[in-house]
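Subject: Structure for you to look at

Hello,

I am passing on the structure we talked about. The sequence and model come first, and my notes follow.

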Amino acid sequence: MEAPLYPDSPLDPSLPPGGQPAFWVGPRHLAGDDGCLYDGVADMLSGLGWTSLTIVRGRHDPDEEPEDRQVLRSTVLHISPDTLRWEQWGLADEPFHLGDLPIAWQISARAETSTPLASWSSYFTTDVPGEAVADFLVALDARDQPAVPLAGPELVLDAVTVHGWLRDIDQPQAAAMDPALTSHISLGEVPPLIQDADPRALTTEAGPVGWQAWAEPARGAPCLWAVSFGSSVPHDLVAAFAASLSSTAPVLRRVLPEATRERLLRAPA
């Protein structure tokens, strides 16, 4: 859905009954997750027929008040009907960090049900636009074989350059960025601890190569969000994420990231 955007629209008009005002904002890659990264993605997965499981570990005394319970670990797992793909919400589990940001979603897939091991995994921190995560999952859900590569890396760069992103001068075949040079996507060495079934991850000296994406609102400033795809994630799935991330269509937001709110075009919804 398209909407006109006005940079001078007030950010704090009178609150409507029942909550915060909503805005159509852009660019999408700087719009954050609206504080509802879990809800939006989980609702979409429910619509696709995925099953959700909640695991809570902790100590609970019979007479203890709910707010006093000591929850040691809480995990929400979403599993596709064929059990070949799954997604784990990990914020409640003290997740490890990517770009100094906590990883919120870990999405994985395997080639067959006979093995419990994932063929690949991908990781999304907080403030990744939920629309891009959802489109990645829709593409994953539509695949008959989620672990089989179907296209080359050029597909990813084509997905963003068609929306006006620029190829990196030094790495035109492996990296691109938005025109304001705030958000980036790059094919390079995968960070430590990113899981992948590719045996080269244990044998190559330089480490496996995979797609990474991140938003840096200002040079040297903390990242707004970061994403890491294991080296075996099919390029067409990364392209689905990249196309959605770089889309010029505005998105609906009530909560704007502090780091990028002055960079966002906005119009009251």
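Please keep in mind that this is a predicted model.

On the overall fold: 64% of the contacts with a separation of 6 or more link residues 24 or more positions apart. The protein has four helices and 14 strands. Of its 269 residues, 46% are buried.

I then looked at one helix pair. Helix 3 (residues 154-161) and helix 4 (residues 235-245) have axes that come within 8 Å and cross at roughly 10°. Angles under 35 degrees count as roughly parallel, so helix 3 and helix 4 are roughly parallel to each other. On the helix 3 side, the contact is made by Leu 155, Val 156, Ala 159 and Val 160. Helix 4 meets them with His 235, Asp 236, Val 238, Ala 239, Ala 242 and Ala 243. By class, this contact has eight nonpolar residues, one polar and one charged.

Helix 4 is also mostly covered, with eight of its 11 residues buried. These are His 235, Leu 237, Val 238, Ala 239, Phe 241, Ala 242, Ser 244 and Leu 245. What do the buried residues of helix 4 pack against? Among the helices, they pack against helix 2 (130-142) and helix 3. Among the strands, their partners are strand 7 (120-125), strand 10 (183-189), strand 11 (209-215) and strand 12 (225-229).

Regards

Note on methods
Residues are numbered from 1 along each chain as its sequence is written. This is a predicted model: local features need pLDDT of at least 70, side-chain atom pairs count only at pLDDT 80 or more; totals for chains, interfaces and linings use all residues. Side-chain values use heavy atoms; hydrogens and water are left out. Helices (H or I, at least four residues) and strands (E, at least two) are DSSP runs, numbered from the N terminus. Buried means under 20% relative accessible area, exposed over 50%, partly exposed in between (1.4 Å probe, protein chains only). Contact means heavy atoms within 4.5 Å. Axes are lines fitted to C-alpha atoms, for helices over the stretch in contact, and angles run from 0 to 180 degrees between N-to-C directions. Angles under 35 degrees count as roughly parallel, over 145 as roughly antiparallel, 65 to 115 as roughly perpendicular and the rest as oblique. Ala, Val, Leu, Ile, Met, Phe, Trp, Tyr, Cys and Pro count as nonpolar, Asp, Glu, Lys and Arg as charged, and the others, Gly among them, as polar.
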